[in-house]
Amino acid sequence: MTPFDRFFARGIVAGVLCASGSLAVAQPVSSSPTVTLAQAVESAWQRATESAETEGQIRRAKADIVAASAPWAAPPAVEVAHRDDRVLSDTGARETDLGVAVPLWLPGQRGARLDSARAGDEAALASRDAARLRVAGLVREAVWDVVLQRAEVALAQAQTESLEALAADVDRRIAAGDLARADALAARAEAVAAAASLGQARARLQVSLTRWQALTGLDGLPEAEGPAEAVLSK
């Protein structure tokens, strides 16, 4: 292959790859029409361990507020006491005392307990919102990772097809006596390397899809863009 032929072939391949790369990036993510980013975040949140932990903290804080708002420091209790004279005179006398114990708040204790419970409730809510934001970030990263891997697969596919076509053209020119056998070996080696890169790109795409399904439990993909307020939707 002459230097001019090599330059012309490389120019063709580069042009095809640039056009293919642009098309791959422009392609939208194939998504189910019923899956939105908010639904994906909610599904991932329900599967996250932080969901149960923070909800438990919120319920405990709410219970503390209810307890601190009660008129008594603890629930009233009925007390029963039995006495007899078996140790002293043993005349068979018996007494039974019934009483109601009503624990009262100490001065300032109820207000302090209520303030502490409300602070715990606010902290639990803030912790839940922070955890939801973290999960939402993971969901967005997973979406964009799949988008990126699909673009890389499309680019590798276009490169493989271009180099296969170039290798076939070199084979025809060798058969016509225009090129040497060494040129065919070089062209075929590049095509084989491109096919190997395509296989690796497809494997990375599968890993990204598996990670997405494990994170959200969904097969469909939402659009990569979405309203920010959907992250904190209850």
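Modeller: The expected span of a helix is 1.5 Å times one less than its number of residues. The model discussed here is predicted.

Colleague: How many Å does helix α4 reach from its first C-alpha to its last?

Modeller: Helix α4 covers residues 109-175, which is 67 residues. At 1.5 Å a residue, the expected span is 99 Å. The model comes close to that, with a reach of 98 Å.

Colleague: Which residue just after α4 takes a positive phi?

Modeller: Helix α4 ends at residue 175. Just after it, a positive phi of about 85 degrees is taken by G177.

Colleague: How many salt bridges does a search of the whole structure find?

Modeller: Side chains of opposite charge can pair when their charged atoms come close. The cut-off for a salt bridge is a nitrogen of Lys or Arg within 4 Å of a carboxyl oxygen of Asp or Glu. With the whole structure searched, the number of salt bridges is 9.

Colleague: E50 and R134 meet in a salt bridge; how many residues apart are they?

Modeller: The N to O distance between the side chains of E50 and R134 is 2.2 Å. The pair links distant parts of the chain, with E50 in helix α3 (residues 49-69) and R134 in helix α4. Their separation is 84 residues.

Colleague: Is E50 buried or exposed?

Modeller: Buried means under 20% relative accessible area. E50 has 19% relative accessibility, so E50 counts as buried.

Colleague: Which helices are linked by the salt bridge of R211 and D145?

Modeller: The side chains of R211 and D145 meet at 3.3 Å, N to O. This pair also links distant parts of the chain, 66 residues apart. R211 is partly exposed at 48% relative accessibility, and D145 is partly exposed at 22%. R211 lies in residues 181-216 and D145 in the other helix, so the two helices are α5 and α4.

Colleague: R172 and D169 both lie in helix α4; what is the N to O distance of their salt bridge?

Modeller: An α-helix has 3.6 residues a turn, so residues three or four places apart point the same way. R172 and D169 are 3 residues apart, about one turn of the helix. Their side chains meet in a salt bridge with an N to O distance of 3.5 Å.

Colleague: Is R172 buried or exposed?

Modeller: Exposed means over 50% relative accessible area. D169, at 30%, is partly exposed. R172 has 54% relative accessibility and therefore counts as exposed.

Colleague: What separates the C-alpha atoms of A119 and I65, in Å?

Modeller: A119 lies in helix α4 and is partly exposed, with a relative accessible area of 45%. A119 and I65 are 54 residues apart along the chain. Their C-alpha atoms are separated by 9.7 Å.

Colleague: What percentage of the residues in the chain is buried?

Modeller: The chain has 234 residues. Its accessible surface comes to about 14,700 Å², of which 60% belongs to carbon and sulfur atoms. The share of buried residues is 29%.

How values were computed:
Residues are numbered from 1 along each chain as its sequence is written. This is a predicted model: local features need pLDDT of at least 70, side-chain atom pairs count only at pLDDT 80 or more; totals for chains, interfaces and linings use all residues. Side-chain values use heavy atoms; hydrogens and water are left out. Helices (H or I, at least four residues) and strands (E, at least two) are DSSP runs, numbered from the N terminus. Buried means under 20% relative accessible area, exposed over 50%, partly exposed in between (1.4 Å probe, protein chains only). Accessible areas come from the Shrake-Rupley method with a 1.4 Å probe; for residues, only the protein chains shown count as cover.
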